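Please brief me on this structure.

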Amino acid sequence: MTDTAIEAAALGRSFGRRRRQALEGCSFRLPAGRVCALTGPNGAGKSTLLALAAGLLRPTEGSIAVLGRTPAAARERLAYVAQNKPLHPQLTIAGTLRLGRDLNPRRWDARVPERIIAEGDLDPGARIRSLSGGQRTRVALALALGKRPELLLLDEPMADLDPLARHQLMATLMADAADHGTTVVMSSHVVAELEGSCDHLLLLGGGRVRLAGPLDDLLAAHTLVTGRSGDTLEPHTVVESRTTGRQLTALVRPAGPLGEGRRTDRPSLEELVLAHLRSPEAPPLVLDTEQEAAA
Amino acid sequence: MVEYRIDRRSGVATYVQIVQQTKQALRLGLLEEGDKLPTAREVVEATAINPNTVLKAYRELEREGLVEARRGLGTFVRRSLGTAPADSPLRAELEAWAARARAAGLERDDVDALFTSVLDAHFAQSKGDA
């Protein structure tokens, strides 16, 4: 098993005759065994990045390696669930899973998908076209996990699930990760949905990497400061600062002790992400995960 | 066996919540020496949190000498935690101080703010400490 799940170097992808840049200059490394939240506003490039990792798109600049190979060569070891969960509407659930087995003869493990289907109280004889959006998501995830992927790429997996189904499927994903060390990348623009389940963060904005690294390290690198307006925040890197009356609130990357007379708090994932989204000009932060991976 | 309750909105890191709840269970005698902690898989199946987070919490507990991992068997409690003795001299001093603060006209929130700032000055920002 390779210790790097995804490695991107100056990765870029443009579309159309006008060469609209969906991704630009993206460099990061995702170690194997991580559960990575891929987030950012609409149009940030999340789906493009997942499609590049899945080998469905080719980069127009730079490169991306998956499980130490090209995405095409790694295809057998990865699974990708697209945002619109494409399944054959005429097939039954059981037929869909048989197709999965036949297409992945060496890797298929029928127990996982069967349990996921049973958990959702779904009739294996039901046709895909008769299912609700959430039920289709369940079948698509069952299909993806049945393949026993080393890398699971999920584009907005939880968007049309009710809270119970969301919890069940997240628990199933986490249990799979615990059992097999599966690397999971899931995109969502709802950050709160990912908190607790992810240990790695990749934040995109305007097609570029804004934040990348182990979640705890990224959170630890930032501090929420509450002080008096007029306070100087030098020499710290200020991501965002706001003044309300006499009060100054800022998210900073401390370059040393923050001084007396200020309240300092650890930001939540949501606060970290929102501050960066509100300040597109804040410098990106990509934390090297080399040491983490070796530890 | 303990069951963890994860509060995603508490602002406390998830692994810290596991560390704290384990210590709480040790203090309350819900966990005793030799007891087995739930496996990472059991915890994530119940809570949908990340398995690495559970392992990180267990490593922290192990580092503090409270539990030990036995290869292939699981994680076991090594020693239990005594409650902070109710009659220690430290407590008496704090009692006297609180009485003086009240006599000086401080409200509960004032005392809380003072106490927290002194705590922050003397102890590292709460990491795994419960």
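Which hand does the crossing have where α2(A) passes α4(A)? The crossing is right-handed. A crossing is called right-handed if the near helix is turned clockwise from the far one by less than a right angle, and left-handed if anticlockwise.

This is a predicted model, in which local features need pLDDT of at least 70, side-chain atom pairs count only at pLDDT 80 or more, and totals for chains, interfaces and linings use all residues. Residues are numbered from 1 along each chain as its sequence is written, while chains are lettered from A and ligands numbered from 1 in the order in which they are written. Helices (H or I, at least four residues) and strands (E, at least two) are DSSP runs, numbered from the N terminus.

**Helix pair in chain A**

- Two packed helices are described by the angle between their axes and the distance between the axes.
- Helix α2 (residues 93-103) and helix α4 (residues 133-146) of chain A pack at about 25°, and their axes lie 10 Å apart.
- That angle makes α2(A) roughly parallel to α4(A).
- Angles under 35 degrees count as roughly parallel, over 145 as roughly antiparallel, 65 to 115 as roughly perpendicular and the rest as oblique.
- Axes are lines fitted to C-alpha atoms, for helices over the stretch in contact, and angles run from 0 to 180 degrees between N-to-C directions.
- From α2(A), A:Ile93, A:Thr96, A:Leu97 and A:Gly100 meet A:Val139, A:Ala142, A:Leu143 and A:Gly146 of α4(A).
- The residues of this contact divide into five nonpolar, three polar and no charged.
- Ala, Val, Leu, Ile, Met, Phe, Trp, Tyr, Cys and Pro count as nonpolar, Asp, Glu, Lys and Arg as charged, and the others, Gly among them, as polar.

- Strand β8 (residues 200-205) of chain A is largely enclosed by the rest of the structure, because six of its six residues are buried.
- A residue is buried if 20 or more other C-beta atoms lie within 10 Å of its own, exposed if 12 or fewer, and partly exposed in between, with C-beta atoms placed from the backbone.
- In a regular strand the side chains alternate between the two faces of the sheet.
- Both faces of β8(A) are covered, with A:His200, A:Leu202 and A:Leu204 buried on one side and A:Leu201, A:Leu203 and A:Gly205 buried on the other.
- Strand β3 (residues 35-39) of chain A runs parallel to β8(A), joined by four bridges.
- A:Leu38 stands opposite A:Leu202 in β8(A).
- Strand β9 (residues 208-214) of chain A pairs with β8(A) in the antiparallel sense over six bridges.
- Two strands pair if DSSP finds at least two bridges between them.
- A:Val209 in β9(A) is the bridge partner of A:Leu204.
- Two residues lie between the strands of this hairpin, where A:Gly206 takes a positive phi near 55°.

**The three-stranded sheet in chain A**

- An open sheet of three strands has the order β2-β1-β4 in chain A, with antiparallel pairing.
- Its edge strands are β2 (20-31) and β4 (61-66), and each pairs on one side only.
- Neighbouring strands are turned by 20° against each other on average, direction ignored.
- Helix α1 (residues 46-53) of chain A packs on the sheet and touches β1, β2 and β4.
- The direction of this helix makes about 120° with that of β1(A).

**Between the chains**

- The contact takes 16 residues from chain A and 15 residues from chain B.
- Two residues are in contact if their C-beta atoms, placed from the backbone, lie within 7 Å.
- Helix α5 (residues 163-180) of chain A gives the largest share of chain A's side, eight residues.
- That side divides into eight nonpolar, four polar and four charged residues.

**Chain B**

- Helix α1 (residues 14-27) and helix α3 (residues 51-63) of chain B have axes that come within 8 Å and cross at roughly 50°.
- That makes α1(B) oblique to α3(B).
- The crossing of α1(B) and α3(B) is right-handed.
- By class, their contact has six nonpolar, three polar and two charged residues.
- B:Leu106 lies in the loop between α4 (89-103) and α5 (108-122) of chain B.
- B:Leu106 has 15 C-beta neighbours inside 10 Å, so it counts as partly exposed.
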